[in-house]
Amino acid sequence: MDSATGDGGVPSSIASPIPSGENSVWADVTHLLKSACEDLREGELIHGENFDLFAAMSTLEIMDPKMDSGIVTKYYSIDEAIENGAAPVPLSFDRTVDIQCVIDVMDHLLACEATWHKGQSLAQTVFSCIYLLRPDLTSSHPLLHSYCRVIRATCKAAISTVSNARTHEEEDYFILSHGLPLHGDGDDKCLSILNAVEETVSRQLRACKSHSLKKRVPEDIEPLQTIPELEEGYCKAVLCRLRFRKHFYHLLTTMRRPQGRGLELAKKHVSSCLSELELMQKSAAFLRCEENGITKEDTPIETTASGCHPIGFDATLNSRICTSTPPRSIKTLSWVKATQYFKKLLEDLDIVCSNSLDQSLDEVLRFVVQFQKAQPDLVARSHLQVLLVEDGKLYGRDSMFQVISRAAALPQIPPNHEIQKHEYIVQLGQLIINLLKILCTNAAWQRRKLGKVLQDWRVIYMQLEMAFQKDIGQIAGIFTDQNLCKKVADHILMWVEEQTYWIAFRFLVLGFELELYSPAEYCMVYWYMYVVLIAQAEKAHLRMSAIHDTAKRKGKKKRDSLKDAVKDHQIHPAVLFLQCKICIAEGLAVMIAALRTEHMNLQIQSPFNREQERFMQHFDLLQKASIPDRVSYVSFKECTAYANISTLPMYNYFKDAQKLAKELKGNFSNDSDRMSELRKLEQVAEHNSVALNLISRLGNLDSSLKVSLEFNHHPYFATVVVKRS
């Protein structure tokens, strides 16, 4: 143990090659540790005046490789590692071996980068490469030097995006640089250096092909290595790796251009990256071939395409030289999994780039929710968030008041009207920004934050309502036309309330994605979804009716009044879409309640807490925000207490849902997402309608009948499966 104070020399029993500082003194504390072990029972902690449980969680467990960084350290400094030949330049005096080793470094760095993206420390992944820690080390090796430069620049670009999106809190280690050389001198010119190297290798590849065609090869072109038969294979393997790096760096930078101006170009870089990634995967067969002159090791490593161990890496080195580096041991992703990760990342970024910048807020919210179904990782979600919210504006172009005006279909308001600066309108705009950011987080963070933000939406609704009701001052005093004030108030309030229920429904369905509900709790979950959807549909219908009434009064003649009276009774397709979900949610709640009444439980109730306690655990945040009003565990029990199998056919809500789904397909023929959702809802309704009839006919007669719920047609609306045991 290293002590900063004290007298005496270093005991011979613990003498070691560990270098001590001038002010360090070594002392043997073995007897103290033995004494402490004898006095402490299992589970006990030493509690000092300034050492509490929180501090104990941050301590190191001595001799544990995951906690004690000193026990697994091979080198104690970068200089020592270099002096011991851990990172030679060139990597081998045999040029064929050298180029193979450089490719292995490239591949291992790709695996390290994917591991970093997945949440591990930058210091223990990408910057476990000694060549990156010493940028000047590779200056005499143009190929390795250019690759290391673009890797550092790429890491810097990724950190910048994630940091600006503020989604890094999901993965605490992502943006921590630990004082590593992310900003190498000349890295801003990494592409020009990379292009020069790429052009050189391209000329070498053309020379190979010319030689195979018996054409004359220019004398100034030097091959990558010494075996002519392997030159073309190595040139192709190097080129696809260099080009992937170039296009990936271009992709990250062009996506950050203001107001989405770089999205079209970014899509082209995505396509190029995918092409080069495919060539990289194909090159593995050549690199693993025994005939390429490289001696294979008995135990191949997974992090390179060739299976050879890369030169110039030490994952424990930064644990010693960077005080903030976590000492935990990590497992680097395999090269195959790394290429799969980058393929998925590129596909996700392509979806982001394909997003229209002229969408309404409702379309934006649906796009983000649909995007999250693909389970994108941190980097892709960060790019989406940065694109959506720039300088407090949607896509960096539309102010939040413009977004609210379009979403709530406000009457025409003069430009620069004072209402835009009103305190509560500004707060509402900030809530929209926060909502977009929340929807870009991972599912667990998203659900937790949505539950908390619901109260903010309820509060802003009440504040706006009180402000609109005042005769003088506040918002009403801003308008000279009181009729315009009333229209604005009605539209905003109805939209805010509708949006609040949309958030509540999103909160509930995320519980299915996170597998938070047990089958015994599905009855209460579907009942709560039903009451939330009812409230959302009512507010949506009122808002759309108000919009229709406003439009109807403009330019209408008296002789058209009879036609309008007929049209006024039509319900908007978006409301009918919600009605379809309402029918399925209500049908499932009633059916499960009936099965419970008849003691055909889907799962034994938990012995650890009562149903009311589980109700509050799942819906406490909704209850605190009074969403919906006057909804409680008592009302849930009252609604489901009298459900039984004999009356199920009288309330076959699934037939209504099936009919609505079929009728709505014509209204959403141009909306692929809605059409896909309608097909899923129709399948659920159809299967559940059949199951309901079967249960009602045989439930009391056949004791061998077993009922279960499966999510094979829809992610959160279950399909009832009836089987004989």
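How much space lies in the second largest cavity? About 30 Å³. The model shown in these views is predicted.

**View 1. The second largest cavity and its lining.** The structure holds 2 cavities of 30 Å³ or more. By class, its lining residues are 5 nonpolar, 1 polar and 1 charged. Helix α13 (residues 378-388) contributes the most to this lining, with 3 residues. Two domains take part: domain 1 (78-289 + 301-350) and domain 2 (357-516) each supply at least three lining residues.

**View 2. Ser283 in helix α9.** Ser283 belongs to helix α9, which spans residues 263-287. Ser283 counts as buried because its relative accessibility is 9%, under the 20% cut-off. Leaving aside residues up to four places away in sequence, Ser283 touches Ala237 and Arg241.

**View 3. The largest pocket.** This pocket has a volume of about 1200 Å³. It is lined by 44 residues, and Asp362, Arg366, Trp502, Lys581 and Arg674 are the closest to its centre. Elements that give two or more residues to the lining are α12 (361-372), α14 (400-407), α17 (482-513), α18 (522-552), α20 (573-597) and α24 (672-698).

**View 4. Make-up of the largest pocket's lining.** Helix α17 gives the most to this lining, with 10 residues. The lining has 21 nonpolar, 8 polar and 15 charged residues. Domain 2 (357-516) and domain 3 (527-552 + 570-724) each provide at least three of the lining residues.

Technical notes: Residues are numbered from 1 along each chain as its sequence is written. This is a predicted model: local features need pLDDT of at least 70, side-chain atom pairs count only at pLDDT 80 or more; totals for chains, interfaces and linings use all residues. Side-chain values use heavy atoms; hydrogens and water are left out. On a 1 Å grid over the protein atoms alone, a cavity is a set of points where a 1.4 Å probe fits but cannot get out, and a pocket is an open set with protein on both sides within 12 Å along at least five of seven lines; lining residues have an atom within 4 Å of a point. Grid points are joined across faces, edges and corners, and a volume is the space filled by probe spheres set on the points. Helices (H or I, at least four residues) and strands (E, at least two) are DSSP runs, numbered from the N terminus. Ala, Val, Leu, Ile, Met, Phe, Trp, Tyr, Cys and Pro count as nonpolar, Asp, Glu, Lys and Arg as charged, and the others, Gly among them, as polar. Domain bounds come from an automatic or database domain assignment. Buried means under 20% relative accessible area, exposed over 50%, partly exposed in between (1.4 Å probe, protein chains only). Contact means heavy atoms within 4.5 Å.
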